[in-house]
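I opened this entry to look up how the chains meet. My notes follow in the order in which I checked things.

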Amino acid sequence: MYEVIKLKTDYMTVTDVTDKVKAIVKKSGVKNGICVIFNAHTTAAVGIATKEEAAQRDFQADLDRIFPLRANYNHVETPFDAAGHVKCVVVGVDVTPIIKDGELDLGDDQAILFYEFDGPRPRELHVKCYGK
Amino acid sequence: MYEVIKLKTDYMTVTDVTDKVKAIVKKSGVKNGICVIFNAHTTAAVGIATKEEAAQRDFQADLDRIFPLRANYNHVETPFDAAGHVKCVVVGVDVTPIIKDGELDLGDDQAILFYEFDGPRPRELHVKCYGK
Amino acid sequence: MYEVIKLKTDYMTVTDVTDKVKAIVKKSGVKNGICVIFNAHTTAAVGIATKEEAAQRDFQADLDRIFPLRANYNHVETPFDAAGHVKCVVVGVDVTPIIKDGELDLGDDQAILFYEFDGPRPRELHVKCYGK
């Protein structure tokens, strides 16, 4: 079972894709296994963190403070593209939640989040459910 | 095979759960496969790093230096709760070591670590062994 | 299917191992599944990020700026060894790309990268292909 989630992001935003992933898990029919969610881009990332939007904005602001846009990157494109490559490695491009009794085994406050470090752009998340 | 590790943490600590995960792998009977260890919380994280406790304290201190507790987060709770949400994304909530010949395939110096960025609190790690 | 990639790194370098992993996926015969790539070291890391070398150097430089070598770590070895332990947690030790139709399901600009935070040293990446 392999599905692609298509997104259209705005500049430096966080998108909650939890419901989209849950629908794929349900459709897969997998009762017990794992679910790999993979971001195929280099200036975006995927993570699992709080569903609270205020804290999501805090995270983007903190990352901007730590990796400020600057003109002296080796990477020659826009400064926010160069900074986005760095942020991508820090956050990561894949998460692997467990599937238990047909449901994603997340904590009550957790959401699956797509982090856009550039944008606006069309983006894709690849989802693979594995199990029985 | 799905098991829950229950922890009772202190404020801003690192807990080595390697032996607990090894016991679950043994109990699972999986000889070759993978082991997903998933943290279901938003102000805690899981990682694989050095078993040396001095270096673990260095890591918590460095994270505190980079993401200092501050009053101007958007997230409205305690400053260390808000900072914890940020740290959670940087460290991550899941690791997937390989199971080989019935054993966790870790390096000699590696340990599976639970990072508490708040606390003291009761916490849970979810463990799924997959394979044959 | 389990294989070990052996590397000989230089100090603070990034090594693109994408072609080596692709060869293992092909050899495994797995058509649809997942591929776990696991770094068994505590002063190195593995990630998936841009294949552009200039941006890879930016990343190492930014990590050095954030986690500068310093003499007051608790960990008593060289300062770059102590800083390497910290960087290892931030980047992570495992990635899990999807295998689709017998190929690694990476984005066009993505590469699988080994990050050396110490070195020069002999290093190992463990690769497990899982699926059918």
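Predicted model: local features only at pLDDT ≥ 70, side-chain atom pairs only at ≥ 80, totals over all residues.

I then looked for salt bridges across the interface of chain B and chain A and got 0.

Next I asked which elements of chain B supply the side that touches chain A. Strand β3 (33-39), helix α3 (79-91) and strand β9 (121-131) of chain B each supply at least two residues. The most comes from α3(B), with 5 residues. By class, I noted 16 nonpolar, 8 polar and 3 charged residues on the side of chain B that touches chain A.

I turned to the extent of this interface. I listed 27 residues of chain B in contact with 31 residues of chain A. Chain B and chain A bury about 2400 Å² between them, with 63% of it on carbon and sulfur atoms. Which three residues supply more than any other three of the area that chain B buries against chain A? They are Phe38(B), Val89(B) and Tyr130(B), and they supply 24% of it.

I looked at one helix pair between these chains. Helix α2 (residues 53-66) of chain A packs with α3(B) at an angle of about 65°. Their axes are 9 Å apart. I recorded the crossing of α2(A) and α3(B) as right-handed. From α2(A), the contact uses Ala55(A), Asp58(A), Phe59(A) and Asp62(A). From α3(B), I wrote down His85(B), Val86(B), Val89(B) and Val90(B). The residues of this contact divide into 5 nonpolar, 1 polar and 2 charged.

I moved to chain C and chain A. Here 31 residues of chain C are in contact with 27 residues of chain A. The buried area is about 2400 Å², and carbon and sulfur atoms give 63% of it. I counted 0 salt bridges between chain C and chain A. I counted 6 residue pairs in polar contact, both at pLDDT 80 or more.

Which elements of chain C supply at least two residues each of the side that touches chain A? I noted β3 (33-39), β4 (44-50), α2 (53-66), α3 (79-91), β6 (98-100), β8 (110-116) and β9 (121-131) of chain C. The largest share, 8 residues, comes from α2(C). By class, this side of chain C has 15 nonpolar, 7 polar and 9 charged residues.

I then checked a helix pair between chain B and chain C. Helix α2 (residues 53-66) of chain B and α3(C) pack at about 65°, with axes 9 Å apart. The crossing is right-handed. Ala55(B), Asp58(B), Phe59(B) and Asp62(B) meet His85(C), Val86(C), Val89(C) and Val90(C).

Last, I followed Asp62(B). Besides its place in the contact with α3(C), Asp62(B) forms a salt bridge with Arg65(B), at 3.2 Å from N to O. Both residues lie in helix α2 of chain B, 3 residues apart, about one turn of the helix. Over all chains, my count came to 18 salt bridges.

Note on methods: Residues numbered from 1 in each chain as written. Chains lettered and ligands numbered in written order. Heavy atoms only, no water. Contact = heavy atoms within 4.5 Å. Buried area = accessible area lost by both parts, 1.4 Å probe. Salt bridge = Lys/Arg side-chain N within 4 Å of Asp/Glu carboxyl O. Polar contact = N/O pair within 3.5 Å; in protein donor to acceptor, adjacent residues only side chain to side chain. Helix = DSSP H or I, 4+ residues; strand = E, 2+ residues; numbered from the N terminus. Nonpolar A, V, L, I, M, F, W, Y, C, P; charged D, E, K, R; others polar. Axes fitted to C-alpha atoms, helices over the stretch in contact; angles between N-to-C directions. Left-handed = near helix turned anticlockwise from the far one by under 90°.
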